[in-house]
Amino acid sequence: MATEAASQTSGMEYHHSTEPVILYEGVTKHFTRGKREIFTALEGISFRVEKGSVTGMVGPDGAGKTTLIRLACGLLFADEGSVRVRGWNVSDHPQQVQSRVGYMPQKFGLYEDLTVQENLDLYGDLHGITGEQLAERTPALMQMTGLGRFMDRLAGRLSGGMKQKLGLACTLLSSPDVLLLDEPTVGVDPLSRRDLWEIIHQLVADQGLSVLVSTSYLDEAERCHRVAVLHHGRLLGEGPPSRVSEAAAGGSWLAEPPASLKLRQLQSRLITSPGIVDATLEGKRVRFVASDHTPWESGILENATCHETSPRFEDGFMVLLRRAAGTGASIPAADGEKTPTVVESSPEVVVEVRDLVRQFGTFYAVKNVNFQVRRGEIFGLLGPNGAGKSTTFRMLCGLLPASSGTLRVAGVDLRHARASARQRMGYVAQKFSLYGQQTVMENLEFFAGAYGLRRERKNRRIQWALDQFELQKHVNLPSGELPGGYKQRLAMACALMHEPEILFLDEPTSGVDPIARREFWYRINGLADGGVTVIVTTHFMEEAEYCDRMVIMLDGEILAEGAPSEIRQLGHGPEGREPTIEDAFIAIVEDFQAAKAREAA
Amino acid sequence: MGFVSPQDAQGKKRKSPGAASLRRVGALIRKEMLQVVRDPSSLALAVVLPLLLILLFGYGLSLDVKDAPVALVLEEVSPGMTELVGGFMLSPYFKSTVTPSMKEAEDLMKARKVDAIVRLRDNTSRELASGRAPVQIIVHGVDANRARIIQGYAQGTVALWAAKRGLRMPDSSGGLVRLQSRMWFNEAVDSRYFLVPGLLVLIMTLIGALLTALVIAREWERGTLEALLVTPVQSGEILLGKVVPYFLLGMGGLMLSVFAARALFHVPLRGSFLVLAGVSALYLLVALGIGLLISSATRNQFVASQLALMITFMPAFILSGFIFDIASMPLPVQIMTRILPARYYVTLLQTVFLAGNVWSVILPNASVLAGMAVLLLTLTRRKTRKRLE
């Protein structure tokens, strides 16, 4: 019947050999924000999801990915244009669509106080699945997701990766033929991400499932058959991932700096040069993308050895994004005044963590963590959600007492002198702690006052913040209305008001668009060069490249420590490619789990 | 899947999805029950808080005056006077201290160590003999209600003494008209008798409006409702899945409160339990309707709880006649109480518990509640869409 309806309603318009399972045609969607303000979430979006394929939507937060998925499952209706799922116009027949698609929202939509079994039963009953069907499907799903051992566990007690798999199992229970996944891998560990993609591809191959998935991880986009690149509600490009990469064709280069030049310096120099679209670290080299219409001066490379390379998806993505933004390299070189901290020749240890333990009831959030950070270092804490990063962080900032172990920050034992340690540290919390209704200036003034700055020094620091973070033009805007990247800048400016020696950043780049992320790391580099010690957590594995040293955390333990280049070597990349941090993470975790299994046996 | 046609898009059933739908509602109810049992905050709101309220109001809060501290200023000791002092000493309403001079009594009054002063002047027994003996009673008047009650009790004690001695009180003039007063319905004039039944209004409001609004807001916050919407489930089924469990929970709260009222505080239930259950069910439906409407207006737990407290709980507490008498409120406020469902329920509760099945009171009040329930639930049904906007 569904196909009949499809031929009735959409047969006239499409003569393609493969019938689209989801079809967006000129979709525009507005939301009202506050009382009067109208905000355009999507503008004239048209693309399709073919049967038996995986289509990815990539783009930063606010690009419109979630809105597109919600439109496809009838949770929202388009203002203009139409959305059809298997031929049904979603606005006219939402229930038909909702009964047939499998939808996994962000945060997986699980009842955390129900067990795995109870969650599955609920969705089984809601979809009206009979006992026989259930008996037939459940074992297969359990085998695929590895949930079998946890049937009686509360969903809330599962790790991020297991939650994600349970969410997927609940949506697959009804054997839908269209699967809509909204950011299924945010904050999930790399191992579980890899598993999820294997499951998806297997389902597509075995059952001809059609999948629409949104993601902010660019490497995942490369695993899709087709990709739609979105930015601020507009479609920047659509096609196979290779088509996106082609946008950077002939412009991708790898440069190896001479011994005299630090890798990060070369990268900073490149990213601020006109004609360069993007520059990132890749092992011991800098990958950069040159714009096709602005010539770049070879002088900036100094004596770096440089050769052309095939463009990656990310390179093309950055070209598309820059083109949409209408600029070439948009990061202006930071001028003059570095944070006036003394740089010493032999950097001393400023953060020392020994045998740190934090218990919540019987649960160990952090077990026996040890590390040291030296002045002027950028130190990364990497790991999936629930690894213990934020807990460690809160203890370092003196926000949470440790159950046992020693913590010395800037030479001060945090157990005895939290207040004096706090004067010397700046902290940027997850999602940025700003007062949303106050303007940029009011926020800066408040934080300056809170840190005890007065008169001249206060004025000087506020001026510094406005210049350094280019906040001048938004001075009178309430900080809640700032675009994402600016919010992050303001949060950093506030944390740096009192010229701290140590800067703590908790997930500063999650949900921030790639351009803003580049800028962020550029600024961090500048601060570190000025002698500020930076400690940062992230679940973007590739960002580890920007750290001097890093630890990988899982289940409250440190599994590996070292410079990114050392960590990389622990992984096994596919043939012909250097292992990435992500490969290394997967290898480390697998070794760890194997060792645990041996121990148990 | 051949049975699906565009006509039943709006949830109009054509071919027997009744059976499947019952299964879905059942699954939703089971889920809700499991959540209530496992989530400490729901359990606290549904069971612990009502119990706490019953104990607090039953044992702690009383509008009766007992053991009020009184200073007896005895400026002259004579047999007649000691008898009066004995009257005060033995009264359950007073806790008396004898002070020799007015000065000390005034100090005690200023420090609020006593609520009243009874002064027997040094010439009282002489004046008694002459037939006019003034006994001065001074009452701490800050708490007006309490002051009036104390004044009454003190007058009563003095009158009793006077009667015993064959004296005549100046106001009970003549012997032709004798005033005989009786308290009906609450013979012992125990304020618990009307507080404890009144408590039901708070408990039903908590479970019906606050808890329901909270759990739905929580489902929005956690993204679970969104996942639920993209299933074959219909909006009416989602509503039933919320109404049924919290209705049952509310009725459970009713049983608990009635049991506590009877067993712990010996409050009489003079009407029939069935009538009580019936009118409570009506009020519970009204509260559920309000809770569901609040949750359709906000998807944030904090805002939902604030709204529920402001719209339902506070008025049920203050303006329903549960504690404060509606008839003595200013007229505009009295008119305002007419839109409050709690007001009708309190009237019903106090009638059914203490007066009995008085149909002339029950029928009009119950019909107002029924009308409100129908109106609110219809509105909720209309507002519930399987959409995010």
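View 1. D219(A) has its place in helix α8 of chain A, which covers residues 218-221; helices (H or I, at least four residues) and strands (E, at least two) are DSSP runs that are numbered from the N terminus. Along the sequence D219(A) and F313(A) are 94 residues apart, whereas in space their C-alpha atoms are 7.6 Å apart. Residues are numbered from 1 along each chain as its sequence is written, while chains are lettered from A and ligands numbered from 1 in the order in which they are written. Because the model is predicted, local features need pLDDT of at least 70 and side-chain atom pairs count only at pLDDT 80 or more, but totals for chains, interfaces and linings use all residues.

**View 2. Two residues of chain A with positive phi, D355(A) and R455(A).** Most residues other than glycine have a negative phi. D355(A), which is not a glycine, has a positive phi near 50°, and this residue is found in strand β15 of chain A, residues 349-360. With 12 other C-beta atoms within 10 Å, D355(A) is exposed. R455(A), also not a glycine, has a positive phi of about 40° and lies in helix α15 of chain A. R455(A) counts as exposed because it has 7 C-beta neighbours inside 10 Å.

**View 3. The packing of helices α14 and α15 in chain A.** Helix α14 (residues 440-450) and helix α15 (residues 455-468) of chain A pack at an angle of about 135°, and their axes are 10 Å apart; axes are lines fitted to C-alpha atoms, for helices over the stretch in contact, and angles run from 0 to 180 degrees between N-to-C directions. The two helices, α14(A) and α15(A), are therefore oblique to each other, given that angles under 35 degrees count as roughly parallel, over 145 as roughly antiparallel, 65 to 115 as roughly perpendicular and the rest as oblique. The contact is made by L444(A), E445(A) and A448(A) from α14(A), together with K458(A), R461(A), I462(A) and A465(A) from α15(A), where two residues are in contact if their C-beta atoms, placed from the backbone, lie within 7 Å. These residues divide into four nonpolar, no polar and three charged; Ala, Val, Leu, Ile, Met, Phe, Trp, Tyr, Cys and Pro count as nonpolar, Asp, Glu, Lys and Arg as charged, and the others, Gly among them, as polar.

**View 4. The contact between chain A and chain B.** Chain B and chain A each bring 29 residues to the contact. On the side of chain B that touches chain A, the elements that give two or more residues are α1 (18-38) and α8 (224-229) of chain B, and α1(B) gives the most, with eight residues. The residues on this side of chain B divide into 13 nonpolar, six polar and 10 charged.

**View 5. The make-up of chain B.** Chain B holds 14 helices and four strands, and 38% of its 389 residues count as buried.

Key. A residue is buried if 20 or more other C-beta atoms lie within 10 Å of its own, exposed if 12 or fewer, and partly exposed in between; C-beta atoms are placed from the backbone.
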